[in-house]
Amino acid sequence: KKSHTHKILGHGEKPDYIDVIAMSSHITKHKPCWYCACPNQRQGRQCNKKVIPMSEDDLNGPFRCETCAAELEHCQRRYILNMTISDYSGQTWITAFNDEAEMMLNGKTADELNLIMQSDHNKFTEVLNSLTLRPMRFTLRVKVETVNDEPRVKASVARVAPIDFAKESKTLLGEIQALLM
C-alpha cells in the first residue's frame, strides 16, 4: 500500500487514485471557501463557471458570466475547500470541491454557509471547525499540475465517506490474523 507522500504518485500521464483514512487537521478560514458560479443551464448541464461581480465591492449581485455572456441577479456559491489532512504517515494539503465538501459539512451548501458567515462569524468558524479531527475515508485524485512554471503534486477529493468503524475493525483484525499465521 503506497503512502500518499510517495514521490512517484501523480507523475504519470493519468492521475493516481488512492484511498486514505485521515482527519482534517487545518481548514483555511481567512477567506471564503467558495466561488460564485453561474447557475444557468448550458448544453443540458449547469454552467458552474466563475462569475464576475458587476460592481467592485458587491458580492451579492449583479454578476456577469463570461462563458454564457449573461448578466445574473444571483450566483450559486460552490465550494473549493482547502484543508490539510493527517494520518499516521504525515499530512498533505487537499482540495474538496462542491459535492464532497457538502457531504463533509453534513449537506450544508456554500450559499447557506455564506449566509451564516455574514450573520454570525463565530458560527461560521464553528461549522468549519466541526470538520477538524473527524476521521473520514477519502479517495484522493493525485496529479502533478504546473503552477507558475513549477510542477506541484495536487490532491483533490474524488470521494469522501464517514468511517464504518465496525467494518474497519473487522478488516484490521483480519489483517492482524493474517500476519500472525
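Colleague: Which residues does Thr95 touch, not counting residues up to four places away in sequence?

Modeller: This is a predicted model, in which local features need pLDDT of at least 70, side-chain atom pairs count only at pLDDT 80 or more, and totals for chains, interfaces and linings use all residues. Residues are numbered from 1 along each chain as its sequence is written, and side-chain values use heavy atoms, with hydrogens and water left out. Contact means heavy atoms within 4.5 Å. With residues up to four places away in sequence left aside, Thr95 touches Ile80, Leu81, Asn82, Ala155, Ser156 and Val157.

Colleague: Does Thr95 count as buried or exposed?

Modeller: Buried means under 20% relative accessible area, exposed over 50%, partly exposed in between (1.4 Å probe, protein chains only). The relative accessibility of Thr95 is 16%, so Thr95 counts as buried.

Colleague: Of what kind is the aromatic pair of Trp34 and Phe124?

Modeller: Rings of Phe, Tyr and Trp (its six-membered ring) pair if their centres lie within 6.5 Å; planes under 30 degrees apart count as stacked, over 60 as edge-to-face and the rest as tilted. The structure holds one such pair. The ring centres of Trp34 and Phe124 are 6.2 Å apart and their planes stand at 85 degrees, so the pair is edge-to-face.
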